Amino acid sequence: MAAQREGDAADYLKKHKIIELMENLSGLLFYYRPEKPREFLIEQLEQLKISRQSGVKGPNLFNSANLDAVFGILDPTNQKYITFAQYKQALTTLGIGDINECPEGVNEDRISCETFKTEAIQGLQRCSATYEQL
């Protein structure tokens, strides 16, 4: 009986992406440290709702400048590209699970900053979309 309830609870959490939602919200709280955390959380949930309804970008901790910095760390000699292995590891480190295995430049093993940022932003958006896609 208890095992069945635990299984049902786990299925519910997975289906509705509750764990991901809580991780995203707590990450935003720790990063921004708002004076009024409840109001901040309500605002974030409203942004997620708008994002779901309109397809507009939802709340996220990483912006273009952050991704430029990550790319710069991976490309310290300023070659303007990183390897596919670096690309894959960086996206995994950012928490992106469903990585595009064939990004532009993969055949040459040269992933540009623009490709890296595009893939990262898309992946982060999928991760932060803690709702079922319409």
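Student: Which residues touch the most other members of the largest nonpolar core?

Tutor: Leu67, Ile82, Tyr87, Leu91, Leu94, Ile96 and Phe116 do, in a core of 14 residues. The term covers buried Ala, Val, Leu, Ile, Met, Phe, Trp, Tyr and Cys residues joined through side-chain atoms within 4.5 Å. Buried means under 20% relative accessible area, exposed means over 50%, and partly exposed lies in between (1.4 Å probe, protein chains only). The model is predicted: local features need pLDDT of at least 70 and side-chain atom pairs count only at pLDDT 80 or more, while totals for chains, interfaces and linings use all residues. Residues are numbered from 1 along each chain as its sequence is written, and side-chain values use heavy atoms, with hydrogens and water left out.

Student: Which element gives the most to this core?

Tutor: Helix α5 does, with four residues. The elements are DSSP runs numbered from the N terminus: helices are H or I, at least four residues, and strands are E, at least two.

Student: What does isoleucine 82 touch, not counting residues up to four places away in sequence?

Tutor: Its partners are Phe71, Leu74, Asp75, Tyr87, Asp109, Arg110, Ile111 and Phe116. Contact here means heavy atoms within 4.5 Å.

Student: Why are the side chains of aspartate 68 and lysine 117 said to meet in a salt bridge?

Tutor: A salt bridge needs a side-chain nitrogen of Lys or Arg within 4 Å of a carboxyl oxygen of Asp or Glu. The N to O distance for aspartate 68 and lysine 117 is 3.0 Å, so the pair qualifies. It links distant parts of the chain, since aspartate 68 is in helix α4 (residues 64-74) and lysine 117 in helix α6 (residues 113-128), 49 residues apart.

Student: Why is lysine 117 called buried?

Tutor: Its relative accessible area is 17%, so lysine 117 falls below the limit for buried. Aspartate 68, at 34%, counts as partly exposed.
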